[in-house]
Amino acid sequence: MNRDITKTQERSLEKIYSIPLTDITISTDNVRVTDVTKDLDELIASIKKHGLLQPIVLMGRHGDTPYKLISGQRRFLAHQKLGKGDIRAVFVGTLSETEAVVKSLIENMQRRDLDYHDTAKAITYLYKEYNKDERQVQKETGLSIRKIRDLILIEERATPKMKTLMEKGKVSPADVKRAIRAAQGNLGKAETLVDLIITHNPTTHQKRRLAMYGERGKRATAENILEKAMKPHVEQSILISLPDEVRQGLITATEAMSIEAGELASKVLADWLRNQGFLA
């Protein structure tokens with residue numbers, strides 16, 4: 001499958017058409033399914049005042065109706081609410097289902113407003129379509145391997161309850177990952193740990209220890225793990241000077257992985273010591 005945009009697609013993306021709303025259907029390959037109408041009134045007000053600044057993206061070619069919308073669902077819905085007859089759009093030509101998912105995912109990620117659950121679902125779909133080749137998913141999306149693994153973990157291991165709590169902003173994806181790690185495959189225990197995190201609001205260091213203690217004690221209950229993690233704990237801080245390129249790499253990694261620098265550095269050091277045989 002050719003994953004590069006062809007010259008024809010490039011020319012289509014350069015030309016903006018005015019398309020009747022009645023000629024457009026929302027593609028099932030559109031990765032946005034969560035909170036589609038969230039803050040739609042704000043978008044409507046913006047379009048009324050400034051017009052549509054970013055055209056929607058349609059699959060197919062101009063003149064071959066009906067068109068499938070793969071990016072810009074909220075803009076499309078806003079135009080419907082406003083009673084407009086048409087909308088500005090660009091075309092990407094004929095795409096396979098996988099190419100359409102990639103296109104929709106990238107368009108939404110570049111706008112920085114795609115729900116975490118929708119992203120995880122799309123990434124997991126691509127991972128399976130590419131025969132579980134993480135490098136191919138990385139090539140298509142630009143995401144780090146660690147980020148890809150985290151998204152797949154959330155999609156495949158998190159329970160519906162945990163996903164709902166994330167969608168409501170009650171718990172972060174990072175905390176759900178910690179709970180799953182600590183529970184070692186026991187999803188009932190993982191759910192309890194998530195509930196305890198929400199109730200007791202431990203610090204970042206305590207949540208990090210929660211994952212560590214959970215991995216060490218498979219038979220420990222969720223309550224025991226949290227109690228141990230939240231006990232007063234003496235940590236020794238080590239101040240090191242990093243070369244500029246290493247420091248910049250650390251910053252990039254923490255942003256891509258949604259993890260604090262101290263937690264990442266501690267994990268990297270622990271992994272190295274373990275691989276060298278200095279840590280059991």
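1. Of the 280 residues of the protein, 42% count as buried, where buried means under 20% relative accessible area, exposed over 50%, and partly exposed in between (1.4 Å probe, protein chains only). The model is predicted: local features need pLDDT of at least 70 and side-chain atom pairs count only at pLDDT 80 or more, whereas totals for chains, interfaces and linings use all residues. Residues are numbered from 1 along each chain as its sequence is written, and side-chain values use heavy atoms, with hydrogens and water left out.

2. The protein has 14 helices and five strands; these are DSSP runs numbered from the N terminus, helices being H or I of at least four residues and strands E of at least two. Among contacts (heavy atoms within 4.5 Å) with a separation of 6 or more, 71% come from residues 24 or more positions apart.

3. The protein exposes about 16400 Å², and carbon and sulfur atoms supply 49% of this area. Accessible areas come from the Shrake-Rupley method with a 1.4 Å probe; for residues, only the protein chains shown count as cover.

4. In helix H8 (residues 160-167), the buried residues are Met162, Lys163, Leu165 and Met166. They cover an arc of only 160° around the axis, which puts them on the same side of H8; the arc is that of the directions from the helix axis to the C-beta atoms. Their packing partners are helices H5 (116-129), H7 (145-157), H9 (173-183) and H10 (187-200). Glycine 169, with a positive phi near 80°, follows H8.

5. Helix H11 (residues 204-216) has 13 residues and should span 18 Å at 1.5 Å a residue, which agrees with the 19 Å between its end C-alpha atoms. The expected span is 1.5 Å times one less than the number of residues. Buried in H11 are Gln206, Lys207, Arg208, Arg209, Leu210, Ala211, Tyr213 and Gly214. These buried residues pack against H9, H10, H12 and helix H14 (261-275).

6. Ile238, Ile240, Leu242 and Val246 make a nonpolar surface patch of about 380 Å². Patches are made of residues with over 30% relative accessible area and no salt bridge, like charges being joined within 9 Å and nonpolar side chains (Val, Leu, Ile, Met, Phe, Trp, Tyr) within 5 Å; a salt bridge is a side-chain nitrogen of Lys or Arg within 4 Å of a carboxyl oxygen of Asp or Glu. Isoleucine 240 lies in the loop between helix H12 (222-229) and helix H13 (244-257) and is exposed, with a relative accessible area of 58%.

7. Arginine 75 belongs to helix H3 (residues 73-81) and is buried, its relative accessible area being 6%. Arginine 75 and glutamine 54 are 21 residues apart in sequence, and their C-alpha atoms are 8.8 Å apart in space.
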